[in-house]
Every structure is written in structure tokens, then in C-alpha cells.
Protein chains: 2
Amino acid sequence: MQQRTSLITLGARDVPALALFYDALGWARTPSPEGVVAYDLIGQTLGLYPLDKLAEDIGVPVAELGHGASTLGHNVRQKPEVAEILTRAQEAGARLLKPAQDVFWGGHHGYFADPEGHIWEIAYNPFSPLRADGAFRWLGYEAE
Amino acid sequence: MQQRTSLITLGARDVPALALFYDALGWARTPSPEGVVAYDLIGQTLGLYPLDKLAEDIGVPVAELGHGASTLGHNVRQKPEVAEILTRAQEAGARLLKPAQDVFWGGHHGYFADPEGHIWEIAYNPFSPLRADGAFRWLGYEAE
């Protein structure tokens, strides 16, 4: 099993409403069948899919989908972008969980929950510079 | 906010034990501070982090981390790889949620839950060929 994800699927009670949130962040949808909303990320896709259908597809109760705790991280190039994105997310309907602040390890971050509770961390990490195309890896890319 | 994730963080009650599961899938760890385990994916990193510390870091109760339903997808190039990976995951301690099977839209897939309940879909999608490096996008890459 290669080290990669292809799809991150967010189960949603109201897919169209949740999609408006991601649209409002400035994201562009990729054509997809009715009932599914897809956003191509770098080398993978984030999909919004009805919660009940997702549970049915997997063969588990809806409640079980919430058992795997996880967050989605989005790193930025400049410290002030953290607060900017948190503000934009709030304007788009997110719930601020943690305002932008310095972190003990030398970074700067904050958290929001999207309208259906998926948790995003927005972070500035001076020790892990992003690649030109925005790609991230743990130990960073060389400055370009 | 660019369309990308940088980190996928899986909250874990027992980080070392959960890491052994991902190791057993054949994944290689990237050097990281004690208490954190990191796997570089393509253009992003999957991190394992203690559930209580993750909740504390975000400022929410542990129970709230489970509220955002999501799954992680891993697409393969050949149909038989779906069953192979599901088997390997079970051998490594995963719970099989859905055995490999054809899907109505013409693909083939199955699901497993890792030892802490994070749900993975392993899928073969003949309409969305992967890039040579394994990268995925919704409408696929040209055959190479």
C-alpha cells in the first residue's frame, strides 16, 4: 500500500449547503455527478457526500462514522495568513475553535470547524517550507 | 485558501500501537519528535498524535473530535489490489468493514477501519487513472 490518500470524503447532512461553505473559501468545484461535490486538491480530491449514503456505502451506522477522530491541515507561507483564513472561514460560516496564536514549537496556528463539524487546522510552520505548488512534507522543501 | 491539505492528523489513544499498524502496511516513517509519528504522503503528511493532546491543542473535548465524519481514500491501479490491500490491513489489525466488491458505477472497492476506527476506502476506479507518481484527481490523469 503506497503512502498516499486519493480521496478525503467528508460526510455531510446537507451537501449543497456544505459545498457553499467551501465555495466561499474560494475553492473551485470539479464537475461531478449530482449529489456529490468534488474539489481537486494537489494530487488528491476532497469530496462531499451525503452522510447517510456514506454510512450505507460502508455498511456501518451513521454514528460510527464519527468514531475516527481526525483533522485536516492547511499550511500557509506567511504568519498573517493564518488569521486571514480563519476570518474568511468564519465569514463563510465556520465555527472558530482556536484563534490564530503562536505555538510552543515556534509555529503559529488556529482551528475552525466547518458547518458540519470537520476540523481544520490552519498553520504557519517556519521549519517546513512548502514547495512552489503548495505541496507539503514533514521536513519541508528547500527554499526556492 | 488554496485547495489543498498539508497534514491529515489522526487522533490516537495509543500512538505507538497505531503506528505499528501503519508500519505493517509497509509505510515508512519520517523522523519526528517523540510522541508524534509522521508518514509523508504525496505532497502532504499523515500524522498520528495523542487524542487527548489533539483535543487540548484544539481546545475541544475529546468527544468532539469524532463529530466530523470523514474517510480516507486510497486508489489503486488494478482491481485485484483492492482485496490484497484489505487482506494486508486485516493482517495488520484492521477491522474489515466491507469486503472487496464491484460498485454500481463501474469501480471496485472495500473499506477497513484502522485499530482506532479511522475509516479507509480502498478503491479501483477505471475512469480516473492515477498519475505515474500515484497522484489522484477527480477526472483522472491521461494514460502514460
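**Two domains and two copies**

In this predicted model, the centres of domain 1 of chain A and domain 2 of chain A, taken over C-alpha atoms, are separated by 20 Å. The domain assignment places domain 1 at residues 1-58 of chain A and domain 2 at residues 70-144.

**Contact between the domains**

- Domain 1 of chain A contributes 15 residues to the contact, and domain 2 of chain A contributes 15 residues.
- About 1,200 Å² of area is buried between domain 1 and domain 2 of chain A, and carbon and sulfur atoms give 67% of that area.
- The residues of domain 1 that lose the most area to domain 2 of chain A are A:Phe21, A:Leu25 and A:Ile42, which together make up 41% of what the domain 1 side buries.

**Polar and charged features**

**The domain 1 side**

- At least two residues each of the side touching domain 2 come from β1 (7-12) and from α1 (15-24) of chain A.
- By type, the residues on this side of domain 1 of chain A are 11 nonpolar, 2 polar and 2 charged.

**The two chains**

- Chain B is superposed on chain A by a rotation of 180° with 0.0 Å of shift along its axis, at an RMSD of 0.0 Å.
- The two copies are therefore related as by a two-fold rotation axis.
- Of the interface residues of chain B, 100% are also interface residues in chain A, so the copies meet through the same surface.

How values were computed. Residues numbered from 1 in each chain as written. Chains lettered and ligands numbered in written order. Predicted model: local features only at pLDDT ≥ 70, side-chain atom pairs only at ≥ 80, totals over all residues. Heavy atoms only, no water. Domains from an automatic or database assignment. Contact = heavy atoms within 4.5 Å. Buried area = accessible area lost by both parts, 1.4 Å probe. Helix = DSSP H or I, 4+ residues; strand = E, 2+ residues; numbered from the N terminus. Nonpolar A, V, L, I, M, F, W, Y, C, P; charged D, E, K, R; others polar. Least-squares fit on C-alpha atoms with pLDDT ≥ 70 in both.
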